[in-house]
Amino acid sequence: MNWTAIICILISYLPCHTFSLEHDGSAIIHLQHALTGGPDPQFKDRGKITVNSLRIGQAIVDQKPLAEADRKLIQKLARENDLYRIQATVIANDGSKKTFLSSVKACMLAEAELDDRLSLSFDYLGHIIGVSLVIASKSSCEGSDVPLEKLKEFTTNVYVRHTDTATIPDTASYIEKIERERDAKEKGDVKDNKSFLAKYWMYILPVVILMVISSATNPEAQGGGQ
Amino acid sequence: MNLIFLFLFILSVVSGETSLEEDVGSSRYVIEGRVFPLSDYQSTNGNWQSVTRIHVNGGEFIGFVKSDGSFAVHNLPSGSYVVEVLHPEYTFEPVRVEINSKGKFRARKVNHIQISQVVQVPYPLKIKALGKTRYFQVREQWRITDFLFNPMIMMMVCPLLLIMVLPKLMNDPETKKDFEQIQKMTKFEMPEMSDVVTNFFSSNGNQAGIKDSNGKDKETSKKGQKPRKRAPVKE
Amino acid sequence: MANFRSIYKIQVFLTILIHLTVALYEDQVGKFDWKRSFVGKVKFVSFEAKRIIVATEENVLATLNLNNGDIQWRQILEDPSNYQLELLHVNKDILTVSGVRNNWLVRTWNINTGTLLAEWVINAERTVPSAFTIINGKILHLVPITGSHLEITTYSFIDHENGVLKGVTRIVSAPWLTNISNCVFAGLHYVCVGSNQLHFINLDQENSKFITKPLDTFIESEAGKIILIEYKHKTPSFLMLSNNIAKLASIVDENIVIKPFDLMPNAVNVVGNGKDLIYQLEANDNKEKLIRIKVKDFQTGADEFSVDLDYPLGLGAPIILGAQNRGSSSDLLLSTTDNALLLVRLPEAKILWSREEALSNIVATEFFELPISELDASIEHEFDNENDIFGMFSHRISTQINQFYNLVFGNKLLQNSGLVRDEFGLHKIIVVATRAGKLFALDTLSGSIAWSYRLPNIQPFLGLNGQEQMLLYVQRTAQFAPLPAHCILLAQDTITGNGILFEFDPITGYSDKGIQKLPYRISQATLLLQHDKNFLKPLLVLSQDNELYAYPRDAVSVIKDHFSTIFLYTANSETAILTGFTLKYSTENQMVVKKSWDIDLKPSKIVALGVKPQNEQVHSQGKVLYDRSVYYKYVNPNLLAVATISPDPMHHNVLSIYLIDGVTGLVVYGTSHKRAKGPVHLVHSENWLVYSYFNERFRRTELAALELYEGHLQSNSTAFSSFAVSQLPHIQSQSYILPLVPLKMAVTLTERGITNKFLLVAMSSGAVLEIPWLLLQPRFENMPCGPEESCIPYMPEIPMHPEAIINYNQTLGRIRGIEVAPARLESTSHILVHGLDIFYTRVAPSKTFDVLKEDFDHKLIVLVLSALIIATFVTKKLAARKALKQAWK
C-alpha cells in the first residue's frame, strides 16, 4: 500500500517541473555491486542500464536473477547490518566515463525484497553528477533476517533527474498589478472597502447605547404611568 | 519631444534584451559628477565630503568626493555601472551609467523591476540627497490628544458628557420650559427619554443609578441595588 | 496535533507582533551594541605634529591621534586583493599611490579632514613589480627590466589628460638588474645590490647613470648575502644587512662611506634638539622588561642612552615603524609580529597606547556562555556530602543568606570578576581567531578584550573561493561547573602546512597543553554530539590521506557504539568532487574511514557550500495552510547545499544549486540559473535555502528562496534517517530582486527556534540589513495570501527600509563575516559583524516578547494601582454614608 503511494509521488514529482536540459543525450551505466561486505569489498557485475534519451528519461534495465550464492551473501549482509554498495560506471554519449559509489543498508534492501530505485542526477547540460541507490522505506533498520525466496531478482526503477530551471523574479505580474491599481485610482473608484459600520462604529455605538437605554426604560415608564 | 522619447524607448527595449552585456573595450573611462548636499548639511557637518564615498558596482570601483562636491571614478572599462553615493546620514538615489565601447555615456535611473524603462538623467551626474536617512523608530510619546481621540475613550467620554451636561441643561428653568413645550407639541419618545435621563441623574451622586421619584429604573444601575429599588414600585 | 495547534497559535501571535521591520529607537544607540574600528597592518607611517598618518596593507589610509591612538579619519580605498598602497608621502598634503600591476591611482588628501584633493591615474605598460618615489614634486616610477635596464618614468602633475598622468620615460642601462627587492631608495638616490657589487644612481639628475662600486672594498667578502634596508636621513643613507648585522652606509660625493659601528636591522633616525640620533631595539635579558631601546649617535655610533621598555608579554616581537622628536620627548611607533601598534614615549619608555590591529581580519568566531557565579555553583555542591545532614543544612542556610544579601546589596561577585552569567544569557564571551594567529576574547557587554593569546607561525585554511578560515569547536560549554569550558582551535602551520591544534579555556584563555603540532594536514573536522565522562564532545579530524583522529584520544571508547551512525563528507574545490565517508568499519583500536558515496560536479566549479547551523532547533514541524491542513517541513539535518558555476559558451556562466544528502549522497534537488555569476552567498536553515547571485542578463543582484516540504504526510516523525527515503521533498521556490550588493549573508538563530527568522545581509555600502524570512518565504500557488495565513503578498523587489539596518549610521568597512549565536532568551540573537570594523549587537526578530520592554514604566503602574486602591476605599466609605442617609429618609 505504502509502496504504491511512494512510487506515485516519485513519479508525479517528475513532470510537474520544467527541466532545462539543452541537448538530449544517452548514457550507459554498468552496475557493479559488493556482496562481501567489510571495509574493503569486492565488486562484481550486477547488470547494465541504458538510458536512450535523457530528456524522456526512459531506461532499459538489464539485470539477471541472482545466483543462489549471491542471495545468501545478501542475506548475510542484511543479517549483519552491513552496507550494500554499488559502483556505477557511467559512459556518456561523448565517451566520457565517470564512476560513482553509493551505499544503502543491506537490511533495508532485503526487507524491500530487492526492490530498489536508482537515481541518476544530471546537471543542466546533461552531464551526470551522481548515481544514488535508494530504498523506498519509511524507516531504517538495524539488521534483519529475510528468507532466501524473497531475494530473487532486483526490480530496479531508474529515475533520470535533471535540474530545474530556476524561477526569475516575477516582475511582469507585479507591474500589471501596480498599473491596475493606478488605473483604478485614476478612475477614482478607489472605494474604501470598509463598510459604513466599520468606519463609523465609534460614533454609532454611543447612539445605539443611548437608544437601548431609553428603550429599556420606556416600557417601565409607561408601566409606571399606567 | 514625444518622438524622441519614443525613440529612446525603442532603443532601450532593444538594448534591454540583447546588448545588456557589452564587450569590454581596452580603453578606460572616467565617470564624473557632483554631489549636492542638502542645505542644512553643510552648516551642521562641515566635513561631509570626507565621509561620502562613491561606489561603482558595489565597491568594485571607488571614488571620493572633493571639497566642492565633485567626484571622478577613474579606470573604468566600457560597460554598465551602478553609481551609488554613500553617506552614513543621508540617502542618495543610485544612477546607472552606461559607457559604450565608443566612449559615449548615458546615465539613467536605476529601475530593477522595469529594465527596459529608461528615465534619463543628465551626465555628468548631479546627485542630490533624497533626505536624511531615518534609521530609528520614533518613540511614541504620550499625548493627551492621542489619548482623547482613541475610539475607546471617545466611546466612554461622549455618553458621559451627554449624561453630565444634559441634566445641567435641564435644570435651567428656561430650557426646561422650552423642552416642556416641545414635549407637549410632540408626544414622541425622544423628549420622554431625555426626561427620564434628566430625572434620573438630577441627583448626581457617586452612584450612577439612583432611583428617581417616578420610580423609573435604568439599566446602568448597579445590579446589587436593583431588587431593593424595584420593590417599592411593584408594591 | 493539539500540540501543533498551540504552536501554530504562537506562530501567528509572533507574526502579528512583527511589523516587518523591528527598528531601534534612537535612545537605544550604544545601549547593547558596540563598534571597534581598525586600520589593518601598518605598511607606511608618517608623523605629523599631533597625529600619525598610516597606510596599511588593508589598503586603508588613516590618521591616528598621537596621544591616544584613536582614529581621526579613515579612508578605505579599493579591495586590497586588487590594489595595494605603494607610496605614502606627506608634505602639507598626503599623497598616496595605490594600485596593482600597471594601473595606479595617485591621490592627494587633506591632512586635517581626509577629504580628497585630487586624483590621477597612471597607466604603465609594464606589469612587473615596480617602485614609486617622489622627487621635487614629481612622481618617479621605476620599473626594472631584468638583465637589461631600469625604466624611470617621471610624472608631473601638470601634464595630464582626463586625469591620466603622462610620463616621460628614460632608460638607464643596468644589465646586472635581477629583482627590485634588491634595491632601496636613499634620499634622492636609488641603490641596488648585485652580485659583489653595489650600484647607485642619483635620480634627481637628468641623464644620470648607475655608479658601480665593488662590495669587497667596504665589507668582508665572506659576509654572505647582503640585503639593503631603507634608512631615512638627510644625507642619502641606507643599511646593509648581512648575517643579521647592519652597517650604515652613506653616499657622499658619488662615494659610499660605511660607518664603523654595527646596528640592528630595524634602526630609525631621529633628529631633534640639535642631535642626530639612531634609535634601535634590542632584546633584553631582563624577564620583566624584554625590550631595550638603544640610542646611538649618528656620526660616531657612541651610545647616547638606553632604556628598558616594560613590554607586554602577550605581544610579538616589535620593529620600529617610525619615530619623531618633540622637543624634550620623542615618540616611537612600534609594530609587532601580531600586527599590534604601540606608541612608546621616550625618555621614560612608557607605552602610551596600543592598538590590536590583528582584529581587523577575523577568521573564526565562537560565542561562549559564561560560567555561573561562585555562589550559584556552591548551591550545586549541596549534595556533595549527602550523609552529613547538618553540613547540608548549614550549607543551604549560608548560601541562602548570601543570596539574600546579594539581592539587597547588589552582587559583589558580579562586580568583581564581571565574567559571570546573567539571567538571560545576554552576557557572553566571543572568542575570535585572527589571521595574524592571535586569539582574542571579547566581552559582549563592552567590547573590551578579556584575554588574548598569540599563536606563532599559524595560518588559516584556504576555503572555497579563497576564503580564509580557522576552525573553532566548543567541546564543553561552561554549564558543567566546576569543569571549565573547553574549546579547540584548528589551524595550519605556516611552514609545513600541517595541522595545529590548540586547546584552551575560552573564559580565561588558559591552555594547559599549549600549541600541539599535528603530524598531518587537516582535510575535515567534525564535532560529535555524544560526550565522554568529562563532558567533552569528541572532535574527529580527518587528515588529507583519510586517516581519522579523535580528540581527546580516549574518546574513541565513547563513540565506539556510534560508529555506524557517523558519516563525514569532504568537498574538493579543485576537482569538484564531493565524497562521503562512513566510520562503520572502525573498531575501538583502529578508526577507519571508508568511502560510501561520491558526487562529481565536473566541469562545474564549486563556489559555495551551505550547511545548517549545528545547534539549530526547528520548533514547528509544519506549515498550517489556509484550509487548516498541515504541510510538513522536510527537515533533513544532513542536507548540504552546494553552489557551482560552470562557464558556458551560450550563457556566459550558469549557476547550479544542488541539495545533497550528506549521508547517502542522494541529490535531493538541483536547479540552475543561466547567465548568473557569483559571488554566491548561501544561507541554509530549517527547511529552506536562500541564495544570492548576480543576474548578468538583467544586471541586478537576485535572491532566490527554496523551501522543502514532505507534504501532508510526515514520513519519519520520531527521528530522521537519511537512509529511509519514502518520498522526495516538494520544492517551493521564489526569487526576488535585491537592490544592493551583498557581501555576506546569515540568518538569526534562537534557542528554541520559535521566534521568526531574519535574514541578515551585509551590504557593500557597509550596512547590515535584516530581511524577515516571511518576506522571502515562497508563496504557495493557488492559495490565498494574507495576514490570516501569515503571508505577505509577493513583491519582486525587496524593500530596503533604513529602519531595518541594524548598525544604523555606524557604517562598517569591508565586512567579511556575520556570526550569529542564540541568547538564552528565546527572542534574542547575538550578532557579530566583522571586517575592518567589529560590530556587535542583539536582534529580536519578533521583538522581545519574553521580557518587559525597557521603557516599561514601573512607576506609572504602581501609581495607577495605588490610586485605584485608594479610590476604592474612598468610594466605599462614601457609599456607606450615602446608604445611611437613604435609610434615614
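1. Domain bounds here come from an automatic or database domain assignment. On that basis chain C holds domain 1 (272-359), domain 2 (372-417), domain 3 (624-856) and domain 4 (857-889). The model is a predicted one. Taken over C-alpha atoms, the centres of domain 3 of chain C and domain 4 of chain C are 57 Å apart.

2. Chain A has five helices and nine strands. Along the sequence these elements run α-β-β-β-α-β-β-α-β-β-β-β-α-α. Chain A counts 226 residues, and 32% of them are buried. Among contacts in chain A with a separation of 6 or more, 70% link residues 24 or more positions apart.

3. Ala136(A) sits in a loop of chain A, between strand E7 (128-134) and strand E8 (155-161). From Gln42(A), Ala136(A) is separated by 94 residues in sequence and by 26 Å in space, C-alpha to C-alpha.

4. Two cis peptide bonds deserve a check. Most peptide bonds are trans. In chain B, the bond from Tyr123(B) to Pro124(B) is cis, with omega near -5°. Pro124(B) belongs to the loop that runs between strand E9 (120-121) and strand E10 (125-132) of chain B.

5. In chain C, Tyr551(C) and Pro552(C) are joined by a cis peptide bond, with omega about -5°. Pro552(C) lies in a loop with strand E44 (548-551) on one side and helix H5 (556-559) of chain C on the other.

6. Positive phi values come next. Most residues other than glycine have a negative phi. Lys92(C), a residue other than glycine, has a positive phi near 70°. Lys92(C) is placed in the loop between strand E7 (84-91) and strand E8 (93-100) of chain C. Lys92(C) counts as exposed because it has 9 C-beta neighbours inside 10 Å, where 12 or fewer is the limit for that class.

7. Asn457(C) also has a positive phi, near 55°, and is not a glycine.

Key. Residues numbered from 1 in each chain as written. Chains lettered and ligands numbered in written order. Predicted model: local features only at pLDDT ≥ 70, side-chain atom pairs only at ≥ 80, totals over all residues. Helix = DSSP H or I, 4+ residues; strand = E, 2+ residues; numbered from the N terminus. Buried ≥ 20, exposed ≤ 12 C-beta atoms within 10 Å, placed from the backbone. Contact = placed C-beta atoms within 7 Å.
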